[in-house]
Amino acid sequence: APPETPAHKTKVIAVVNQKGGVGKTTTAVNLAAGLAVAGHATLLIDCDPQANTTGGLGFRRQKDAEEQRLSIYDILLGPTTLMEAIQPTPIDNLKLIPGSKNLIGANIELVEAERREYRLRDAIALLNNDFRFIVLDCPPALDLLTLNALVAAEGLLVPLQAEYYALEGVSELISTLDKVAQAFNPELALEGVLLTMYDDRTNLSQQVAANLKEFFGDKLLKTTIPRNVRLAEAPSHGLPVELYDPRSRGAEAYRDLTKEILERNNIALSN
Ligand code: ADP
Ligand code: MG
């Protein structure tokens with residue numbers, strides 16, 4: 001008999017911006033959590049040597065703790081499969097592939113590796129669409145780790161902080177997207193641009209939003225993420241904001257984002 005075809009192909013979303021501090025990790029964790037809470041099996045992969053996603057889900061970051069668990073490093077540079085490295089999270093439907101500090105070296109070690117741009121894509125292909133979503137949290141650089149994420153992804157989600165210089169670096173990011181799509185991954189597309197740390201009471205935020213709307217059109221997501229202290233506190237409790245304080249404005253905003261992403265992909269809100 002032919003192999004059973006999975007009900008759905010995995011949607012891989014990379015959260016990318018080469019700037020640090022724009023809300024990539026906050027968005028990756030809380031979107032992935034939202035998708036999982038909505039009933040979709042979701043895998044979150046921490047591709048950043050800073051491993052803030054991993055720490056934010058309650059995993060210890062001391063060297064000895066990191067050395068005891070497999071991370072995305074072992075998958076990119078070793079024989080390890082994603083299945084072997086999967087860790088549970090406080091949400092049933094959400095699994096994590098941890099990041100680790102040795103990813104700093106991965107950028108150099110990957111240069112010599114076979115299919116160096118495809119390592120993550122190849123690893124994800126072995127999962128046979130067991131997950132409905134895979135969310136990739138990227139480092140703040142357009143390096144080989146981010147390139148692996150761009151080659152593995154179908155959609156790019158770009159958080160932009162609502163500040164005067166929000167658009168700085170965006171043209172470089174978009175041209176990287178185009179180059180990667182041409183050279184490695186024709187399926188790659190911009191999923192959406194997300195305004196983070198948005199304060200709708202200030203002229204600056206409104207001005208930035210208007211500029212981005214002009215630049216990105218429909219790709220600018222309707223959801224904006226407000227500056228909310230609960231979002232900054234949740235990681236130190238090892239929790240997505242939905243579990244830490246579901247009634248906060250931050251939790252509400254990430255529920256809206258989840259809904260918008262599902263709608264844009266024509267996927268039912270609850271599974
Ligand atoms: P990146 O991954 O792009 O470097 P982070 O998601 O780690 O950015 O966010 C940078 C810092 O800002 C973190 O301390 C985070 O907790 C905080 N932060 C992110 N988004 C918000 C928000 N909407 N409101 C308040 N603090 C936020
Ligand atoms: Mg980060």
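Lys 11 is buried, because 21 other C-beta atoms sit within 10 Å; a residue is called buried if 20 or more other C-beta atoms lie within 10 Å of its own, exposed if 12 or fewer, and partly exposed in between, with C-beta atoms placed from the backbone. This is a predicted model, in which local features need pLDDT of at least 70, side-chain atom pairs count only at pLDDT 80 or more, and totals for chains, interfaces and linings use all residues. Residues are numbered from 1 along each chain as its sequence is written, while chains are lettered from A and ligands numbered from 1 in the order in which they are written.

**Lys 11 and its surroundings**

- You will find Lys 11 in strand S1 (residues 11-15); helices (H or I, at least four residues) and strands (E, at least two) are DSSP runs, numbered from the N terminus.
- Setting aside neighbours within four places in sequence, Lys 11 is in contact with Arg 132, Phe 133, Glu 154, Gly 155 and Asn 265; contact here is defined by C-beta atoms, placed from the backbone, that lie within 7 Å.
- Lys 11 and Thr 27 are 16 residues apart in sequence, and their C-alpha atoms are 16 Å apart in space.

**The nonpolar core**

- The largest nonpolar core has 80 residues, and those with the most contacts inside it are Ala 14, Ala 32, Val 135, Leu 136, Ala 149 and Ala 153.
- Helix H1 (residues 24-37) provides the largest share of this core, eight residues.
- A nonpolar core is a set of buried Ala, Val, Leu, Ile, Met, Phe, Trp, Tyr and Cys residues joined through C-beta atoms within 7 Å.
- In soluble globular proteins, nonpolar side chains tend to be buried together.
- Beyond its neighbours within four places in sequence, Leu 120 is in contact with Leu 76, Asn 148, Ala 149, Val 151 and Ala 152.

**Helix H1**

- The 14 residues of H1 should span 20 Å at 1.5 Å a residue, and its end C-alpha atoms are 20 Å apart, which agrees; the expected span is 1.5 Å times one less than the number of residues.
- H1 is mostly covered, with 14 of its 14 residues buried.
- Just after H1, Gly 39 takes a positive phi of about 105°.

**Around ligand 1**

- Of the 16 residues around ligand 1, Gly 23, Lys 24, Thr 25, Thr 26 and Ala 232 come nearest; a residue is near a molecule if its C-beta atom, placed from the backbone, lies within 6 Å of it.
- H1 gives the most to this shell, with three residues, and strand S7 (189-198) and helix H11 (229-233) each supply at least two.
- The shell has six nonpolar, eight polar and two charged residues, where Ala, Val, Leu, Ile, Met, Phe, Trp, Tyr, Cys and Pro count as nonpolar, Asp, Glu, Lys and Arg as charged, and the others, Gly among them, as polar.

**Two positive phi values**

- Ala 51 has a phi near 50°, a positive value in a residue other than glycine, and its place is in the loop between strand S2 (42-46) and helix H2 (52-56).
- Met 197 also has a positive phi, near 50°, and belongs to strand S7.

Notes:
Contact = placed C-beta atoms within 7 Å.
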